[in-house]
Amino acid sequence: MGMPYRRPHRDSPHRGEKNRMSQTVSSIEMKSISIEFPGVKALSDVDFSIKNGEIRAVVGANGAGKSTLMKVLAGANETYTGTILIDGKPCEIRDPRMAKRLGIELVYQEVDTALFPYLSVAENIMFNSLVSGMKGKSLVHWGSINKSAREILARLKMDIDVSRKVSSLTLAEKQMVLIARAVRERCKFLILDEPTAPLSLGEVEKLFGIVRDLAEREGVGVIFISHRLPELFQICTSLTVMKDGKVVANRAVNAELTTREIVNLMLGRSFEENFPKIPTTIGETMLEALGLSDEAGRVRNVSFSIKGGEIVGICGLVGAGKTELCKLLFGANKMRTGQIKLRGRSLKIRTPTSAVRQKIALVPEERRKEGVLVTEPVYFNLSAACLGKFCNRLSFVKKSLEIKNAKHLVTELGIKTPSVHQKVKYLSGGNQQKVAVGKWLTSDSDVYMLDEPTKGVDVGAKRDIFQLIQGLAKNGKAILYASSEINEILAITDRIYVMYNGNLVAELPTKTATEEEILFYATGGNK
Amino acid sequence: MSKAVATAKPKGKSSAFIEKWASLIALVAVFAFFALRMPKLFLTSSNIVTILRAISITTIIGIGLTITLAVGGFDLSSGSMATMSGAMIISFFVWYKMSLWLAIPLALVLTMGLMMITMLLIVKFKIPDLLATLAMMFMLDGVSLTYSGGGAISEGMPRFNGDPTFGKIPQLFKNMGQAPTIIIIMIVIVIVVHIFLTYTKYGRYIYAVGGNKEAARLSGIPIYRYRVYAGILAAIFIGLGGILVASRNMSAQIQGAAGYAMPAISAVFIGRSVAGAGKPNAFGTFVGASLVGILENGLIMMSVPYYSLNAVKGVVLALALASTYYSSTSEN
């Protein structure tokens with residue numbers, strides 16, 4: 001009764017078709033591509049092109065539109081306007097399947113979202129043929145699956161055992177599996193979104209070798225997004241700089257191009273909002289960190305200090321380790337080595353609970369997930385960090401006191417809500433953020449750490465939050481302001497530490513620091 | 001300030017009203033239906049007492065589960081844990097001749113101890129609740145059967161090895177499971193737990209942890225400690241439920257309380273939306289248990305065979321869950 005097994009043919013009709021379609025593609029041209037999200041113009045009139053065998057870098061500050069543009073190319077943003085020319089012929093890429101048929105593959109930064117952790121390396125690489133190549137077949141021929149996967153890996157000079165489960169691989173190996181899968185799909189254009197961010201130096205070298213081989217030997221066009229400018233010189237042949245949803249320059253990467261020049265191209269955005277800096281009196285050293293490293297290796301030997309009344313900026317690009325540093329100081333991530341001192345006294349902070357007891361507050365980056373309880377009302381959130389203050393001796397909450405405090409904070413912070421009983425999920429992003437900050441005002445902390453506090457916040461709310469932070473500093477609090485928005489860091493801080501790859505690579509007084517200088521360090525410029 | 005409008009508005013009034021009161025409306029409707037169909041049979045004071053007595057154990061175990069679910073947990077093992085507690089209490093009377101005042105606290109403390117094992121699996125070894133309590137369910141089933149020697153325990157019944165037993169089950173213990181007492185116990189528990197969850201710091205933290213573990217942790221709430229507190233508190237009510245089952249049977253039966261686990265969980269879910277709480281709450285659990293209890297009582301009176309009743313309970317639970325999840329997903 002066994003099913004007759006048919007060996008997968010090297011040129012089965014399905015594969016042959018795909019082959020024919022993608023082999024003809026040798027260039028992609030995008031013309032005046034625009035995308036509008038509610039309230040923001042993410043891309044405006046962008047022209048972009050890539051040819052076979054080219055390795056093109058796409059750089060730009062956070063929010064410049066790099067990822068959005070790449071998503072258009074990969075068919076993940078179907079609402080774009082403009083034209084895409086494939087070998088000069090207009091073509092619509094409105095879904096990922098179309099992009100795949102044209103041989104465009106996007107390897108996202110979050111590799112885990114695209115992999116099946118409990119399947120083997122071979123299955124992950126051959127996944128598409130396991131799904132769409134199984135018409136009329138019921139049995140999986142493991143021998144041929146493993147063999148094909150091994151062939152692809154050998155061609156790419158990757159050394160991974162195809163029978164291993166993907167869940168047991170390192171991040172670098174997972175990336176390689178994704179690249180191998182893309183190659184298996186006859187990929188002609190490979191988009192790598194910040195592939196090197198989580199990798200070690202050796203792993204980066206290996207990845208570059210593979211990418212170079214792909215471009216030179218297989219004629220694949222590679223688009224390479226990275227925040228680390230020095231490495232672009234090692235691998236890329238051309239470069240596109242984006243800023244505020246526009247392409248500002250296209251250059252060839254050669255000896256004439258310098259990191260400084262790229263940084264200059266990335267900048268130039270004027271900071272429309274003028275935030276007057278309130279002068280504060282800076283007091284004694286409040287918080288001091290000595291040689292901090294975390295267990296995950298995202299924070300490496302970090303030392304710094306903050307004085308009372310001082311706003312200290314930690315500036316770094318996405319993935320530099322700012323969030324991890326904040327969580328480490330707050331006891332939410334595990335410390336490997338180092339010491340934290342508050343007012344000269346050494347602290348043991350193992351959990352957020354002990355951090356709060358020591359009057360350290362954190363406004364986390366992921367507001368809705370970590371900062372507020374969205375399903376609870378405003379007053380509940382505003383007293384969540386120190387409910388004990390509103391309790392009698394039997395731990396019963398004195399609601400009237402709590403409501404009074406909440407109403408006071410809502411007025412003071414300008415939180416726009418119909419009442420303090422409104423659930424936080426119905427507030428706008430900026431107002432949610434104010435609630436997340438307000439929670440710590442109730443607890444009257446000494447050290448405030450704010451991680452990307454203006455992310456997804458409109459200009460008006462941004463101004464309010466800035467005023468709030470400055471007010472805290474004026475009252476002698478120590479403020480740690482972590483952000484990748486350089487202009488904001490320059491506007492509000494007294495002193496700046498630049499973070500790159502888990503290290504603090506520079507300390508600059510805000511008065512003399514320039515955007516250019518910060519970006520230079522933040523992109524690994526002095527390495 | 002208060003005039004300012006939030007960017008996203010809550011749902012329309014009518015749908016919000018239905019969501020808030022759906023369970024209560026259903027309760028009243030079902031009650032009215034049976035009362036009109038069988039006024040002489042259903043709408044008698046003795047039958048109302050019967051219903052309340054019948055739902056009291058489900059409600060008490062349900063209150064335990066309300067606390068577990070409020071803190072963001074889940075429990076499959078409540079029936080087995082209650083059975084174990086029942087086996088202990090009867091054995092304390094019959095085998096060890098303990099007094100009521102020693103036996104009940106001892107049985108509750110031991111049940112709390114068993115819950116500590118569950119908490120160890122969940123908090124320390126990070127096993128998902130569903131799986132940890134599944135394992136506990138099997139463990140407890142086996143342990144309580146082994147403890148009782150593979151059979152029931154009752155007054156005068158010799159032990160498994162043939163030793164005769166001389167202990168008596170106190171009359172007071174029997175009264176606990178009878179009509180006025182058991183209903184009063186239930187009402188007191190519902191009120192006390194409702195006050196605890198709504199008006200005390202601990203209750204608020206339990207809901208905060210259940211609402212968003214990470215946000216609660218980053219607010220400085222010791223989430224694992226509250227998880228354990230909630231578990232132990234739940235164990236008291238689950239244990240008490242088991243004791244009351246034993247009191248009603250005047251013996252410890254094999255799997256005696258197993259049948260209460262699923263109705264109790266259902267009651268919590270049916271009651272989630274009551275009065276707009278949108279989260280497990282004590283009063284809602286009582287409403288949920290009442291709805292199921294009234295349905296069961298009325299349908300039996302209408303000569304629906306007892307073996308078909310689960311189908312009705314399943315439909316009620318499905319409707320309650322549909323109303324909860326449908327409205328919460330259509331929001332975002």
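Student: In what order do the strands of the open sheet of 6 strands in chain A stand?
Tutor: The sheet is an open one with mixed pairing, where two strands pair if DSSP finds at least two bridges between them, and strands (E, at least two residues) and helices (H or I, at least four) are DSSP runs numbered from the N terminus. This is a predicted model, in which local features need pLDDT of at least 70 and side-chain atom pairs count only at pLDDT 80 or more, while totals for chains, interfaces and linings use all residues. Residues are numbered from 1 along each chain as its sequence is written, and chains are lettered from A and ligands numbered from 1 in the order in which they are written. Read across the sheet, the strand order in chain A is 16-17-18-13-19-20.

Student: Which residue is the bridge partner of Met499(A) in strand 20 of chain A?
Tutor: Strand 19 (residues 495-500) of chain A runs antiparallel to strand 20 of chain A, and 6 bridges join the two. In strand 20 of chain A, the partner of Met499(A) is Leu504(A).

Student: Which residue of strand 19 of chain A is the bridge partner of Ile314(A)?
Tutor: Strand 13 of chain A pairs in the parallel sense with strand 18 of chain A over 5 bridges, where Cys315(A) has Ser483(A) as its partner. Strand 13 of chain A also pairs in the parallel sense with strand 19 of chain A, over 4 bridges. There the partner of Ile314(A) is Tyr497(A).

Student: At what angle does helix 11 of chain A run to strand 17 of chain A?
Tutor: Helix 11 (residues 322-329) of chain A lies across strands 13, 16, 17, 18 and 19 of chain A. Helix 19 (residues 515-522) of chain A also packs on the sheet, touching strands 13, 19 and 20 of chain A, and makes about 30° with strand 19 of chain A. For helix 11 of chain A, the angle to strand 17 of chain A is about 150°.

Student: How far apart are the axes of helix 4 and helix 5 of chain B?
Tutor: Helix 4 (residues 78-94) and helix 5 (residues 100-124) of chain B pack at an angle of about 145°, in a right-handed crossing, the term for a near helix turned clockwise from the far one by less than a right angle, with anticlockwise being left-handed. Two residues are in contact if their C-beta atoms, placed from the backbone, lie within 7 Å, and residues making this contact include Met88(B) and Phe92(B) of helix 4 and Ala107(B) and Leu110(B) of helix 5. The distance between the two axes is 9 Å.

Student: How many residues of helix 4 of chain B are buried?
Tutor: Helix 4 of chain B reaches 24 Å from its first C-alpha to its last, close to the 24 Å expected at 1.5 Å a residue, the expected span being 1.5 Å times one less than the number of residues. Helix 4 of chain B is largely enclosed by the rest of the structure, because its buried residues number 17 of 17.

Student: How many C-beta neighbours inside 10 Å does Ile243(B) have?
Tutor: Ile243(B) lies in helix 11 (residues 223-249) of chain B. Leaving aside neighbours within four places in sequence, Ile243(B) is in contact with Ser85(B), Gly86(B), Ile89(B), Ile104(B) and Ala107(B). Ile243(B) counts as buried because its C-beta neighbours inside 10 Å number 27.

Note on methods:
Axes are lines fitted to C-alpha atoms, for helices over the stretch in contact, and angles run from 0 to 180 degrees between N-to-C directions. A residue is buried if 20 or more other C-beta atoms lie within 10 Å of its own, exposed if 12 or fewer, and partly exposed in between; C-beta atoms are placed from the backbone.
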